[in-house]
Amino acid sequence: MTANTELSSGQGRDAAGLKRVCPVVLAGGQSSRMGKDKALLKLSNGRTLLEQAKSVFDVLSPPEGVELMPTLVSGARPGGVPDRVPSAGPLGGLHAVAGHLDQWELPCDALLVVPVDMPLLSPALLRQLCVAGQTVEQAVCIGDFYLPCWLPLDGRCRKYLDAAATGNAIASMRALFGYLGCLQLPVPDGDWHLNVNRPEDFRRLAL
């Protein structure tokens, strides 16, 4: 993907250059392939998939210049941020989060996004996204994996999320990154990208 050099609005950045970053767990999917709400599946460590995703943010040590805001969870569950437009996929969840931040007047420069169904993600991997995100005015992901990601919450991003949520743009992470430009980091070894979509995926876990 090509880089986009347009500067963000920096609406959440203070005078010292500190970037306010909102951690987001995308957990608003239908879980149709799992047959039940996968966010509530319990791992062998005693945590649900949702608790596991949130816990990675809890222990994440952000690089200097990044301030982590409280974690938000997309989806219509207690404490979650429900989609404003039904069936808009991950971009619908991000659109709702952006609207929630606006509604509560919470300045934010970027979102650090993880899916609820990637339980092997590490804080170190997310920290790499933060480090890279500070240096560019575009999205950051790992190789061809569009999640997890660093997503600048600037005017261009908000414009695309609004369009995607209302059916006026392609509602996919790939299309969003193509529009914004995306820095793709090298893919590390390991099963960090294991995605728990089906019962057999869940059985593969050994946490």
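Of the 207 residues in this chain, 50% count as buried. The model is predicted. The chain exposes about 9,900 Å², and carbon and sulfur atoms supply 52% of that area. Among contacts between residues at least 6 apart in sequence, 74% join residues at least 24 apart.

**Overall order**

Six helices and seven strands make up the secondary structure of the chain. Along the sequence they follow the pattern β-α-β-β-α-β-α-β-β-α-α-β-α.

**Helix H2 and its surroundings**

Helix H2 covers residues 89-103, which is 15 residues. From the first C-alpha to the last, H2 reaches 21 Å, close to the 21 Å expected at 1.5 Å a residue. Its buried residues are Leu91, Gly92, Gly93, Leu94, His95, Ala96, Val97, Ala98, Gly99 and Leu101. These buried residues are covered by elements that include the strands E1 (19-26), E3 (72-73), E4 (110-115) and E6 (145-152), together with H4 and helix H5 (173-180). Just after H2, Glu105 takes a positive phi of about 55°.

Gly92 is a residue of H2. Gly92 counts as buried because its relative accessibility is 2%, the cut-off for buried being under 20%. Gly92 also lies 80 residues from Ser172 in sequence, while the two C-alpha atoms are 9.5 Å apart in space.

**Leu161 in helix H4**

Leu161 sits in helix H4, which spans residues 155-165. With a relative accessibility of 1%, Leu161 is buried. Which residues does Leu161 contact, leaving aside its neighbours within four places in sequence? They are Leu91, Leu94, His95 and Leu176. Leu91, Leu94 and His95 are among the buried residues of H2, and H4 is among the elements that cover the buried residues of H2. Ser172 is 11 residues from Leu161 along the chain, with 9.8 Å between their C-alpha atoms.

| Residue pair | Separation in sequence | C-alpha to C-alpha distance |
|---|---|---|
| Gly92 and Ser172 | 80 residues | 9.5 Å |
| Leu161 and Ser172 | 11 residues | 9.8 Å |

**Strand E6 and its partners**

Seven of the eight residues of E6 are buried, so this strand is largely enclosed by the rest of the structure. E6 is joined to E4 by four bridges, and the two strands run antiparallel. In this pairing Ala110 stands opposite Pro152 in E6. Strand E5 (residues 139-142) is also antiparallel to E6, and two bridges join them. Here Val140 stands opposite Trp150 in E6. E5 and E6 form a hairpin with two residues between them. Gly143, in the turn, has a positive phi of about 55°.

**Helix H3**

Helix H3 spans residues 123-133, and its buried residues are Leu125, Leu126, Leu129, Cys130, Ala132 and Gly133. What do the buried residues of H3 pack against? They pack against helix H1 (49-58) and the strands E1, E4, E5, E6 and E7 (182-185).

Key:
Residues are numbered from 1 along each chain as its sequence is written. This is a predicted model: local features need pLDDT of at least 70, side-chain atom pairs count only at pLDDT 80 or more; totals for chains, interfaces and linings use all residues. Side-chain values use heavy atoms; hydrogens and water are left out. Buried means under 20% relative accessible area, exposed over 50%, partly exposed in between (1.4 Å probe, protein chains only). Contact means heavy atoms within 4.5 Å. The expected span of a helix is 1.5 Å times one less than its number of residues. Two strands pair if DSSP finds at least two bridges between them. Accessible areas come from the Shrake-Rupley method with a 1.4 Å probe; for residues, only the protein chains shown count as cover.
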